[in-house]
Amino acid sequence: MNANASPGGVVLSRLTKSYAAVRAVRSIDLAIAPGETVALLGPNGAGKTTTIDMVLGLTRPDSGTVSVFGRSPAQAVAAGIVGGMLQTGSLLDYLSVRELITMIASLYPRPLGVDEVLRLSGAAEFADRRTTRLSGGQVQRARFAAALVANPDLLILDEPTAALDVEGRREFWASMRAVAAQGKTVIFATHYLEEADAYADRIVLLARGQVVADGPSTEIKAKVGGRTIRATLPAADLAPLAALPGVISADRHGDAVILTCADSDAALRGLLSRFPAAHDIEVRGSGLEEAFLALTADADDNDNVHPAQQEVR
Amino acid sequence: MTRRRPAYTRYEVLRSFRNWRFGVLTLAFPLVLYLTVAGANGHVRFDGTPFRLYFMTAMATLGTIAAVVSGGAVIAADRAAGWTRQMRITPLKVGAYFRAKVFCGYLRALLTMVLLGLAGTALGVRLSAREWLTVVGLLLVGLVPFAVLGVMLGHLISSDAMAPSVGGIVTLFCLLGGVYGFQIAKSGPMFEVIKGLPSFWLAQAGKAVGGGGGWPAEAWIVLAAWTAALIPLAVLAYRRDTSRV
């Protein structure tokens, strides 16, 4: 199937890129094996899009290298072994969806059949409609079809579901799974932990332009998918709270204590039995950004930019 | 692989002809102007050339300049749609992309020439096959700098500004080049400036076969100089545009 997929997959080494004062990507090392489905997970400004643009050859790295199946990004693109769905962009006007996909297919050495791609991407039902008369979800599916028709060894999707509702997301990922099942290497960027967990074999966690965690989805989910318990508990000692089962750390905010948990169920049971005075208890999933902050807190050196403000495009 | 490329150009042509808005400037306007003005001045001579012949090539100049400039200027719309970025991650070469755009512009220019030729014939313009070919050939060559200008504009302007920019630039070149049938100056320094415009020489294509002066070496030099000057500017505009993304 993947005649051009020489061993090596996608290899990023010591990749860096800055825009003016913003260090969008600071030294990323990453090796993705052929056939893997990898999620680049991170908040806005983590460097996901910049990394993807460098893999696609759209952006030149300041230093470091990208190798796509043993080739440079430009060579890989020219050979037609890469298909990409960029974060932004609409469709060409004055064409129907079918015409557009046929046009793009003509650029590749070994494209998939247009009808097959329209079916796979869920674009068949509106294939003869002009590209300017599509809903947001239909546009995304047509853009997905445009990336698929290349029949690429490497498929790159930059936040492909950003414009979709829940149903649209589910349908999109079902299509993507069918494609990944054909042995393609898939890299997708997302800032939804659930998506990364459900559809990737492996999650690469990016924050502030660095890889802060990299591993199988289940492992990463345990790391960042934790919950926090907040309870009003005046004058309590933090040490026994931190020692409760399932609790990673305890902090105090005035009369409230905040327990960061790996297992919030166990922590809650422990808290209620050992500290009956605790009241106004809230359990909530910690946001991805908080998890990133926690993960990068020690590793961080001379950074004075909050990732949320470090928006790169 | 090369065998497949014509399919890409075919769809670019399809898009180009479905975008009827540019047809107003490239077809309807010059055609209507020709039929009304030349129709009312059927037997007037203009600088030694029958007016209906001069004005036929002049209106062809207007329409064809608009066609090739807009051919490249539509790149602004592709850019706005994020499509130039999408194209850069396909095996399509930048050169092939530009060639397809210029080809579309020229095809529309040919359509303009054919319709104005028919209109001219209807009003009594009679040329030999050789003369027709000369006029068409001179126009095709004279349009080269405008095709480059279009590609440059496509990388400089926003898609909102596209139609007014094309309209304004075409009108300016045609007005100064004497395309509308009157010249701002016929001697002196202003005339020297006018003679330095490619649109002036395009409008002279009719005179080249109508016995009214015609197409000297100076014309070729002007066209070559504009082309040579515009190509690096277009490359610069393209680089500036793509380095940002």
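The model is predicted. Chain A holds eleven helices and 13 strands, and 47% of its 313 residues are buried. Its contact with chain B takes 22 residues from chain A and 21 residues from chain B.

**Chain A as a whole**

- Let us begin with the domains: the assignment for chain A gives domain 1, made of 10–81 + 152–223, and domain 2, covering 226–285.
- Taken over C-alpha atoms, the centres of domain 1 and domain 2 of chain A are separated by 36 Å.
- Among chain A contacts that link residues at least 6 apart in sequence, 69% join residues at least 24 apart.

**The six-stranded sheet of chain A**

- Six strands of chain A form an open sheet in the order β5-β6-β7-β3-β8-β9, and the pairing is mixed.
- At the edges sit β5 and β9 (210–216) of chain A, each of which pairs on one side only.
- From one strand to the next, the twist averages 15°.
- Within this order, β3 (residues 37–41) of chain A runs parallel to β7 (residues 185–190) of chain A, and five bridges join the two.
- To find your way along that pair, look for A:Thr37, which stands opposite A:Val186 in β7(A).
- Helix α5 (residues 136–148) of chain A lies across β5 and β6 (154–158) of chain A, and runs at about 170° to β5(A).

**An open strand and a proline in chain A**

- Strand β13 (residues 279–285) of chain A lies largely in the open, because zero of its seven residues are buried.
- β13(A) has an antiparallel partner in strand β10 (residues 227–232) of chain A, with five bridges between them.
- One place to look is A:Arg230, whose bridge partner in β13(A) is A:Glu282.
- A:Pro240 is found in helix α9 (residues 238–242) of chain A.
- Why does A:Pro240 count as partly exposed? A:Pro240 has 13 other C-beta atoms within 10 Å, while a residue needs 20 or more to be buried and 12 or fewer to be exposed.
- A:Pro240 and A:Ala178 are 62 residues apart in sequence, and their C-alpha atoms are 50 Å apart in space.

**A helix pair in chain B**

- Over in chain B, the axes of helix α3 (residues 51–73) and helix α9 (residues 159–176) come within 10 Å and cross at roughly 145°.
- The crossing of α3(B) and α9(B) is right-handed.
- From α3(B), the residues that meet α9(B) include B:Leu62, B:Ile65 and B:Val69; on the α9(B) side, B:Val166, B:Ile169 and B:Phe173 are among them.
- By class, the residues of this contact of α3(B) with α9(B) are eleven nonpolar and three polar, with no charged ones.

**Where chain A touches chain B**

- The side of chain A that touches chain B has 15 nonpolar, six polar and one charged residues.

Notes
Residues numbered from 1 in each chain as written. Chains lettered and ligands numbered in written order. Predicted model: local features only at pLDDT ≥ 70, side-chain atom pairs only at ≥ 80, totals over all residues. Contact = placed C-beta atoms within 7 Å. Nonpolar A, V, L, I, M, F, W, Y, C, P; charged D, E, K, R; others polar. Axes fitted to C-alpha atoms, helices over the stretch in contact; angles between N-to-C directions. Helix = DSSP H or I, 4+ residues; strand = E, 2+ residues; numbered from the N terminus. Left-handed = near helix turned anticlockwise from the far one by under 90°. Pairing = 2+ DSSP bridges. Domains from an automatic or database assignment.
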